[in-house]
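The following note sets out points for a colleague who is reading this model. Each point may be checked against the coordinates.

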Amino acid sequence: MKALHIFILFALLMALAITNLSATPSGDEPLFVDDDGDGDRSQAEPTSVGIMSRFLAQKPRGMMTCDEYPRVCRAAGSPGPDCCKRKCVNVMWDRFNCGKCGKKCKYSEICCKGKCVNPMSNRLHCGDCYNRCTKGSKCLYGMCSYA
């Protein structure tokens with residue numbers, strides 16, 4: 001046990017030494033690089049003038065939420081056309097708003113066309129929505145099998 005502690009301490013010291021050695025510049029590298037070549041940086045003009053525009057002084061607007069602007073949910077790239085608790089969702093496929101706002105599917109269920117179904121055992125939705133098993137087979141663990 002003591003040998004393990006000594007080995008870990010040795011490995012940490014080696015890592016620290018390697019880090020310190022790689023952080024220090026070699027003899028041919030200067031510590032400070034002077035890009036513009038004018039030599040004295042203390043006399044250079046500051047890069048920022050110190051003037052702030054009115055654009056930066058304005059207060060940021062809050063996000064446009066669907067409870068105030070319902071058309072936001074119908075915009076391109078929106079997660080869905082319906083508004084539930086200030087968020088755009090699709091109640092036909094959303095597990096937390098299945099069929100209507102606030103209706104949650106159980107842990108093992110998914111939302112298919114507004115209804116909560118268990119894809120592990122449902123013949124009409126085996127493994128995924130509308131993945132039907134053929135006649136004579138049944139859905140076991142989300143896969144159609146002949147039993």
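Which backbone nitrogen lies 3.0 Å from a polar atom of the side chain of His 125? The backbone nitrogen of Tyr 130 is the one found at that distance. The points below place this contact in its setting; the model is a predicted one.

1. **Overall composition.** The secondary structure of the chain consists of two helices and six strands. In sequence order the pattern reads α-α-β-β-β-β-β-β. Of the 147 residues in the chain, 16% are buried. The accessible surface of the chain amounts to about 12,900 Å², and carbon and sulfur atoms account for 60% of that surface.

2. **Range of contacts.** Consider the contacts in the chain between residues at least 6 apart in sequence: 1% of them join residues at least 24 apart. This value may be read together with the sequence separations given for individual pairs below.

3. **His 125 and its surroundings.** His 125 is located in the loop between β4 (115-117) and β5 (138-140). Its relative accessible area is 9%, and the residue is therefore buried, the limit being under 20%. Apart from neighbours within four places in sequence, His 125 is in contact with Cys 112, Val 117, Asn 118, Pro 119, Tyr 130 and Asn 131.

4. **Asn 97 and its surroundings.** With a relative accessible area of 10%, Asn 97 is buried. The side chain of Asn 97 comes to 2.9 Å from the backbone nitrogen of Gly 102. When neighbours within four places in sequence are set aside, the residues in contact with Asn 97 are Cys 84, Val 89, Asn 90, Val 91, Gly 102 and Lys 103.

5. **Disulfide from Cys 98 to Cys 111.** The model contains seven disulfides. One of these pairs is Cys 98 with Cys 111, whose sulfur atoms are 2.2 Å apart. The torsion about their S-S bond is about 85°, so this disulfide is right-handed. Because Cys 98 belongs to the loop between β2 and β3 while Cys 111 belongs to strand β3, the pair ties together parts that are 13 residues apart in sequence. Cys 98 and Cys 111 are both buried.

6. **Disulfide from Cys 105 to Cys 116.** Cys 105 is joined to Cys 116 by a disulfide with an S to S distance of 2.2 Å. Here the torsion about the S-S bond is about -85°, so the disulfide is left-handed. The pair links distant parts of the chain, eleven residues apart: Cys 105 is in the loop between β2 and β3, and Cys 116 is in strand β4.

7. **Disulfide from Cys 126 to Cys 139.** The sulfur atoms of Cys 126 and Cys 139 are 2.2 Å apart and form a disulfide. This disulfide is right-handed, because the torsion about the S-S bond is about 85°. Cys 126 lies in the loop between β4 and β5 and Cys 139 in strand β5, so the pair ties together parts that are 13 residues apart in sequence. Both Cys 126 and Cys 139 are buried.

8. **Lys 106.** Lys 106 is in the loop between β2 and β3. Its relative accessibility is 59%, so Lys 106 counts as exposed. The C-alpha atoms of Lys 106 and Val 117 are separated by 8.9 Å, the two residues being eleven apart along the chain.

9. **Nonpolar surface patch.** Met 1, Leu 4, Phe 7, Ile 8 and Leu 12 make a nonpolar surface patch of about 590 Å². Leu 12 is placed in helix α1, which covers residues 2-23. With a relative accessibility of 56%, Leu 12 counts as exposed.

Methods. Residues numbered from 1 in each chain as written. Predicted model: local features only at pLDDT ≥ 70, side-chain atom pairs only at ≥ 80, totals over all residues. Heavy atoms only, no water. Patch = residues over 30% accessible without salt bridge, like charges linked within 9 Å, V, L, I, M, F, W, Y side chains within 5 Å. Areas by Shrake-Rupley, 256 points an atom, 1.4 Å probe, with all protein chains shown as cover. Salt bridge = Lys/Arg side-chain N within 4 Å of Asp/Glu carboxyl O. Helix = DSSP H or I, 4+ residues; strand = E, 2+ residues; numbered from the N terminus. Buried < 20%, exposed > 50% of the residue type's maximum accessible area, 1.4 Å probe, protein only. Polar contact = N/O pair within 3.5 Å; in protein donor to acceptor, adjacent residues only side chain to side chain. Contact = heavy atoms within 4.5 Å. Disulfide = S-S within 2.5 Å.
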